Amino acid sequence: GARRLARLGRWPRKARRGAEGTRPRSAPRRHAPMASASVESADIIRLMLQFCKENGLHRTLQTLQEESRVSLNTVDSLDGLLGDVNHGRWDVVLQAVSYLSLPENVMQDLYVQVILELAEAREVETALHLLRETSPMSTMKQEVPERYLRLEALLKKTYFDPREAFDGEPKEKKRGEIAQAMSKHISVAPPSRLLALVGQALKWQQHAGILPANGRIDVFRGVAADAIEEREQCPTMIAKTVKFGEKSHPECACFSPDGQFCVSGSVDGFVEVWDYQTAMLRKDLSYQEEGSFMMHEKAVIGAAFSKDSELLATGSQDGQLKVWRVASGQCVRRYEKAHGEGITFITWSKDATQILTASFDMTARAHGLKSGKTLKEFRGHTSYVNTAVYTRDGAKVVTGSSDGNVIVFDARTTEQINLITPPPPPHLSSTMHYAVNSALVAPSPPGQYGDSDDATIFVCTRTNVIQMMNLQGQVLKSFSSGRREKGDFVAMTLSPKGEWLYAVAEDHRLYCFSVTTGALEQTLKVSEKEVIGLTHHPS
């Protein structure tokens, strides 16, 4: 740990006194009178500083602190920081205090302790670097020269005497005194305060009718974003390729509903967030920039975002389910045994209070986000359950299995409403059942394909035909690859508006169908190797 200190490259500057804030002028009231509240400008700057820190904008943070003369002086966990001090984890401590403004005497005591412990570990070169190159020690050299010279003399000795260095006291006691002194000047703030406040403000304005309840919001202008209506078109080329290491490959991938994140789950257990426009890791997420990642012990084979794009659920080959806050990489909920075997598919309920999972254990289950417990189990299949989705109104659950059946369940009671066996194409035996790889509820507006909101599902079996059906099992339309050799489909997805159906077959080609006409409009070779999944950007 000590060797890392010289490579941190970020040393705290002299403590500065925060500027007096001014109160912003109140906005005109448009609704019932409310109690007025004043906000200090320094607090607004601290929100910005926290945002910069959490998103890895270190130069911006430093510049803003210098120009505003306001320091963040908060940590996510005071107990965590003080624990690091008491245990001598100095690389972590110095990185944390680089964002803080502490009194000169506290900073000097901290640096003296670090330097002495480095000397005790015979890391003299690093200790001398801290002594000569950091702001607290430069101040000590000018204001308390005798203490500085004594410290320098100790470092020049060929031996280290702990009693002389720590004034006859245990170094653990010194650490405790420093931790106590630091605790008086540091406050604790919840993470992501700026985004949380903006989100709360948007929800209030939606509740008050100032902003529409649905759709994208232009936060800067405070109005509904004028979405540009673009006609959905088939892809014509491979835009970007994300390359994995020789011993790794992706098992699943998904986009966030707001289109900001593209996430992959890998066979080595890593969950990585990508910039889909550059095919590079998102380094604006501080944890990925630092080399930390969301991960499982086993292969990650299922992933899905909540509707607000803040939470990500991931499932692994050993049946473990985790829920992450993507902005921070923090695991906020863990279900150690969500299933007895691997989780094949994940989706969220409409209100984001429950997570629905499918599994190799032949069941689908609903898990409560608040309770952290499995709430319901949907049984009836005799082989792997490959997909489980809610209908648009959330009243039913539709599952598809390798046993060749689709089952429609009552989402509340888990009772089986209907069992559907998709008919095979004419050239295949009607006595055999063909695995259902995927079943999706049509995203289109009510009435476009049927009489009710949830009348239509798309069913992809391990054949060369995908069928559009109602929940009674009636086939409304079929989509065929037209190939008997390597033309069987392995995965499918729908465009956001439901105008296009995309499917990948065993020949590694992407088949693009018009949902309206059922015609195959285009094909595209997407890989030289086996394709195992397909997902669509939300726009």
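## Close-up views of a predicted model

**Among the elements covering the buried residues of helix 3 are strand 1 (74-75), helix 4, helix 10 and strand 2 (187-188).** Before we go on: this is a predicted model, in which local features need pLDDT of at least 70 and side-chain atom pairs count only at pLDDT 80 or more, while totals for chains, interfaces and linings use all residues. Residues are numbered from 1 along each chain as its sequence is written, and side-chain values use heavy atoms, with hydrogens and water left out. Helices (H or I, at least four residues) and strands (E, at least two) are DSSP runs numbered from the N terminus. In helix 3, look for Leu78, Leu81, Leu82, Gly83, Asp84 and Val85, which are buried (under 20% relative accessible area with a 1.4 Å probe and protein chains only; over 50% is exposed, in between partly exposed). Just after helix 3, Gly88 adopts a positive phi of about 70°.

**Helix 3 passes helix 4 in a left-handed crossing.** Left-handed here means that the near helix is turned anticlockwise from the far one by less than a right angle; clockwise would be right-handed. The two axes come within 8 Å and cross at roughly 135°; axes are lines fitted to C-alpha atoms, for helices over the stretch in contact, with angles from 0 to 180 degrees between N-to-C directions. Helix 3 and helix 4 are therefore oblique to each other (under 35 degrees is roughly parallel, over 145 roughly antiparallel, 65 to 115 roughly perpendicular, and the rest oblique). At this crossing, Leu81, Asp84 and Val85 of helix 3 meet Trp90, Val92, Val93 and Ala96 of helix 4, with contact taken as heavy atoms within 4.5 Å.

**The largest nonpolar core holds 37 residues.** Such a core is a set of buried Ala, Val, Leu, Ile, Met, Phe, Trp, Tyr and Cys residues joined through side-chain atoms within 4.5 Å. Val97, Leu102, Leu110, Ile115, Met137, Met182 and Ile186 have the most contacts inside this core. Among the helices that each supply at least two of its residues are helix 3 (78-86), helix 4 (90-97), helix 5 (104-120) and helix 10 (171-183). Helix 5 gives the most, with 10 residues. A second, separate core of 16 residues includes Ala442, Ile466, Met468 and Phe489.

**Val326 sits in the loop between strand 12 (321-325) and strand 13 (330-335).** With 0% relative accessibility, Val326 counts as buried. Leaving aside residues up to four places away in sequence, Val326 touches Phe261, Val273, Leu285, Tyr287, Phe305, Glu310, Leu311 and Leu312. Val273 lies 53 residues from Val326 in sequence and 8.5 Å away in space, C-alpha to C-alpha.

**Strand 14 and strand 15 form a hairpin with 5 residues between them.** Strand 14 (residues 343-348) has 5 of its 6 residues buried, so it is largely enclosed by the rest of the structure. Its 5 bridges to strand 15 (residues 354-359) join strands that run antiparallel; two strands pair if DSSP finds at least two bridges between them. Trp348 has Ile355 in strand 15 as its bridge partner, and in the turn Ala352 has a positive phi of about 60°.

Strand 26 is joined to strand 27 (residues 500-505) by 5 bridges, and Leu494 stands opposite Leu501 in strand 27.
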